[in-house]
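User: Hi! Could you walk me through the side-chain contacts and packing in this model?

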Amino acid sequence: MTQDHGSSGEFRRNGVLLLAATLGSAAGLSSLPFYSLGSFIAPLEAEFGWSRGEVASSFLYTTMVLAVIAPFLGNVIDRIGTRLVALVSIPLFSAVLYAISRFEGSIGQFHALYALAALAGAGTTPINYTRAVNGAFDKARGFALGISQAGIAVAAITLPLLLASLNQNYSWRTGYFVLALLALVPWPFVLFGFGKLPVQRAEKTAATANRGELFKNWVFWGVGISFAAVAVAVSALVVHMVPLLRDAGMTPIAAASTASVIGFGVLGGRLITGWLIDRFFAPYVAATLFLATAGGCLLLLYGGPGLVPLAAALIGLSLGAEADLIAYLTARYFGMARYAFVYGFIYSMFLVGTASGPALAGRLHDASGNYNSTIWTVICLLVVGSLVILRLPRFEKFASLKPAH
């Protein structure tokens, strides 16, 4: 276990920074477009005649573009800092959301706007905000990361209700306009909260002495592969949870209500995981959470209707832990000198997994006529992710390695 002496002082010194990162995560690219899109599917279908699949695929374009640019963005952040990147990216991201609220055009042009959102809003993702938090916190780093990323969970819980009301009483255009306003909220907090970030030590390990050595290092690939596998698994479950439950006999309202429990699992997962990894070896915590989610999948198969909410909560735990754990492991293993660059590559692998999961689940369902094969595939991926992450070395042993010459 690690000690947390002085952690309260870190929160006192960096409270405004943590608030800025939390608000930024809640109103950034990783939350607003993703958790709002479902609320816009029916209104856009009604107005433009697009299919639900066409509308639902919009965020895939955001994900694909972000996966490509994430490593390059990380390099920029490491060079010029988190504050400037966020201050530029926030208003650009808001402008794209406003443009969508005024949209008149084809589905291809609509998809192009979602791709543009990734370019404009990439600086509002965990690549940027976790670097700021990692740089300001050490002893309470895990819990601080959990708090900052909990903003995304709050958005997951509140956005559907807010947008449902706006769409019903006004229009989908009003919904996107409100999203554009929400995207601007973190800007003044970043302006003042990120004003004086600690200077990072230019530490180097054998893995980060240069990029070639990084890509040859098995720890880098171990972290990336583990979270990519888990991303495939969890995204498949989250996207298909409502139809899965409806196939099991639940009414649409009951299925949606049960699926919303995932959001509370995400919130709990971020905070609990952050607290635990400050005290226990992070890969052990990660493996435990992944296996708990696998247990939730078994409950879906064999637990009966009464245990479905518990299964949904357990699935949310992994979804809530991923961003925190990637950020924490990146900082502990590879330091802060090139943090955003390393995180950007691992985050890209994570995004590819996230984008692949729903499509894989859909194909498995189409082939078998049910979700049983999907659930067993998810369980296998979670076990693989756990086994890979359990092989990671202790931080102290890894940090002792000298750069190769």
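What follows is a set of questions and answers on a predicted model.

User: Glad to have it open. How many aromatic pairs are there?
Analyst: Ring pairs are counted here when their centres lie within 6.5 Å. By this rule, the number of aromatic pairs is 28.

User: Let's take Phe-110 and Tyr-114 as an example. Is that aromatic pair stacked, tilted or edge-to-face?
Analyst: The two ring centres are 5.3 Å apart, with 45° between the planes. Stacked needs planes under 30 degrees apart and edge-to-face needs over 60, so an angle between those limits falls in the remaining class. The pair Phe-110 and Tyr-114 is therefore tilted.

User: And which helix holds both Phe-110 and Tyr-114?
Analyst: Phe-110 is buried, and Tyr-114 is buried too. They are 4 residues apart, about one turn of the helix, and that helix, residues 107-121, is helix 7.

User: What about Tyr-347 and Phe-350: is this aromatic pair stacked or tilted?
Analyst: Both residues belong to helix 18 (residues 339-368), with a spacing of 3 residues, about one turn of the helix. Tyr-347 and Phe-350 are both buried. Their rings are 5.8 Å apart from centre to centre with 25° between the planes, and the pair is stacked.

User: Which ring has the charged end of Arg-394 over it?
Analyst: There is a cluster of aromatic residues that includes Phe-215, Trp-221, Phe-281, Tyr-333 and Phe-395. One of these cluster members, Phe-281, also meets a charge. The charged end of Arg-394 sits 4.3 Å from the ring centre, over the ring of Phe-281.

User: How far is the charged end of Arg-391 from the centre of the ring of Trp-218?
Analyst: Here a charge counts as sitting over a ring when it is within 6 Å of the ring centre and within 35 degrees of the ring normal. The charged end of Arg-391 does sit over the ring of Trp-218, and its distance from the centre is 5.3 Å.

User: Is Glu-104 buried or exposed?
Analyst: Glu-104 pairs with Arg-173 in a salt bridge, where the closest N and O atoms are 2.7 Å apart. At 17% relative accessibility, Arg-173 is buried. Glu-104 has 60% relative accessibility, so it counts as exposed.

User: Which residues are linked with Glu-104 in a network of salt bridges?
Analyst: Arg-173 is in helix 10 (residues 172-184) and Glu-104 is in the loop between helix 6 (82-101) and helix 7, so their bridge ties together parts 69 residues apart in sequence. The network of salt bridges links Glu-104 with Arg-173 and Glu-47.

User: Where do Asp-138 and Arg-332 lie?
Analyst: Their closest N and O atoms are 2.9 Å apart in a salt bridge. Asp-138 is partly exposed at 37% relative accessibility, and Arg-332 is partly exposed at 23%. The pair ties together parts 194 residues apart in sequence, because Asp-138 lies in the loop between helix 8 and helix 9 (141-169) and Arg-332 in helix 17.

User: Last one: which helices each supply at least two residues of the lining of the largest cavity?
Analyst: The whole structure holds 1 cavity of 30 Å³ or more, and the volume of the largest cavity is about 40 Å³. Its lining includes Val-232, Ala-236, Gly-357, Leu-364, Thr-374 and Leu-381. The helices that each supply at least two lining residues are helix 13 (218-247), helix 18 and helix 19 (372-390).

Methods:
Residues numbered from 1 in each chain as written. Predicted model: local features only at pLDDT ≥ 70, side-chain atom pairs only at ≥ 80, totals over all residues. Heavy atoms only, no water. Phe/Tyr/Trp six-rings, centres within 6.5 Å; stacked < 30°, edge-to-face > 60°. Buried < 20%, exposed > 50% of the residue type's maximum accessible area, 1.4 Å probe, protein only. Salt bridge = Lys/Arg side-chain N within 4 Å of Asp/Glu carboxyl O. 1 Å grid on protein atoms, 1.4 Å probe; cavity = no way out; pocket = protein on both sides within 12 Å on 5 of 7 lines; lining within 4 Å. Points joined across faces, edges and corners; volume = space filled by probe spheres on them.
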